[in-house]
Amino acid sequence: MAFVERVVGAASQGAVGAVVAGNLSAVTEPVVNAMLVKRVPLSEAVKEVSPERVYKYLQTTLATNFIKFPFFEVTNMLVGGIDLPPTLKGALTGTVFCTATLPITNYRFRKSMDLPITAANLYQAYLPTVFRDILYGIVRNKVATFLFQLNPQRAGTNLGRFLNMFATVIAACVISAPGNELRGYCLQPPAKKQSFAEFFQPAKFVRSTSVGAVIMAISLGVGTLATPQVEKLVATVRKYFRNQPLGFLMILLFSLHQILENRRHSQTMALKDEPAKPAKNKASADAKAKA
């Protein structure tokens, strides 16, 4: 059960980070993607963003973040328990994460750019993306271990957890940024594709990297503050249900009842909304009326 608590704790860290990052990214990600792929100035990228577009994109960022963030944190936690060198652990985490979530990443990217979405482009730019995620996974594991060993006592406090995660994510995002730039180069629209020399410019590289790194660092830093509380809650609930098995059964039956009721309600509404089929001809209509 301690394993379950760790899984739930990792997932909760990702979930809290998903909410924070989703709200920040809804405003900044269209701007960052425009600077990353189109290579336009900041002022021009900001002009493309409107309140309506932010609100619409917020639905995408929250939905995709609630999949990606917890998935990475749980994967990183599970791989951390495998007897492998830290570098291989980070590489495995990055590979699994990228392969599983790249369709979500590309869906979200194309939504932010108002580009058409098809099955053919969901795995677009796989190699530079997996390269980026492998670098991110390796650096994050190494930096997190280093900071924890530097001051284990501070790492156990709320401030220490936040600062360690913030510094770890900043380092991981910055060092893996070349992979992100290569991904941006591969995702350029064919009609406006720039040459390699035109695309890779230091000023644009720093500009597109810094915003994304800060958002990730703040989001996951805040997420670490929720992890201990969630782990305590899971332990308390587990202890209660162990002593009160009937309570667990009642909650399970209530949840099943709610699921069945919602399904029945949805089917009823669908039948009500379904238009009546017109009679094939007047004769058949009259026959039905007499019957």
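Student: Why is Gly 221 called buried in this model?

Tutor: In this predicted model, Gly 221 has a relative accessible area of 0%, and because buried means under 20%, the residue counts as buried. Gly 221 lies in helix H10, which covers residues 202-243, and, leaving aside residues up to four places away in sequence, Gly 221 touches Phe 162 and Met 165. Met 165 is itself among the buried residues of H7.

Student: What makes Glu 73 and Arg 140 a salt bridge?

Tutor: The closest N and O atoms of Glu 73 and Arg 140 are 2.6 Å apart, and because the cut-off for such a pair is within 4 Å, the two residues form a salt bridge. Glu 73 lies in helix H3 and Arg 140 in helix H5, so the pair ties together parts that are 67 residues apart in sequence. Glu 73 is buried, and Arg 140 is buried as well.

Student: How many salt bridges does a search of the whole structure find, and what makes Arg 132 and Asp 133 count as one?

Tutor: The search finds two salt bridges. The side chains of Arg 132 and Asp 133 meet at 3.1 Å, N to O, and since the limit is within 4 Å, this pair also qualifies as a salt bridge.

Student: Why do Arg 132 and Asp 133 count as buried?

Tutor: Arg 132 has a relative accessible area of 15% and Asp 133 has one of 7%; because buried means under 20%, Arg 132 is buried, and Asp 133 is buried too. Asp 133 has its place in helix H5, residues 126-150, and, not counting residues up to four places away in sequence, Asp 133 touches Gly 94, Phe 97 and Cys 98.

Student: Why is Leu 84 called partly exposed?

Tutor: Leu 84 has a relative accessibility of 31%, and because buried means under 20% and exposed over 50%, with partly exposed in between, Leu 84 counts as partly exposed. Leu 84 is found in the loop between helix H3 (51-80) and H4. Together with Phe 71, Ile 82, Leu 88, Leu 92 and Val 96, Leu 84 makes a nonpolar surface patch of about 430 Å². Helix H4, residues 86-112, gives the most to this patch, with three residues.

Student: Which helix has the lowest confidence and which the highest, and why should a reader take note of low pLDDT?

Tutor: Confidence is lowest in helix H12, residues 282-290, at a mean of 53, and highest in H5, at 93. Where pLDDT is low, the predicted coordinates should not be read in detail. Over the protein chain the average pLDDT is 79, and 79% of the residues score at least 70.

Student: How many helices and strands does the protein chain have?

Tutor: The secondary structure of the protein chain comes to 12 helices and zero strands. Of the chain's 291 residues, 36% count as buried.

Key. Residues numbered from 1 in each chain as written. Predicted model: local features only at pLDDT ≥ 70, side-chain atom pairs only at ≥ 80, totals over all residues. Heavy atoms only, no water. Helix = DSSP H or I, 4+ residues; strand = E, 2+ residues; numbered from the N terminus. Buried < 20%, exposed > 50% of the residue type's maximum accessible area, 1.4 Å probe, protein only. Contact = heavy atoms within 4.5 Å. Patch = residues over 30% accessible without salt bridge, like charges linked within 9 Å, V, L, I, M, F, W, Y side chains within 5 Å. Areas by Shrake-Rupley, 256 points an atom, 1.4 Å probe, with all protein chains shown as cover. pLDDT = per-residue confidence, 0-100.
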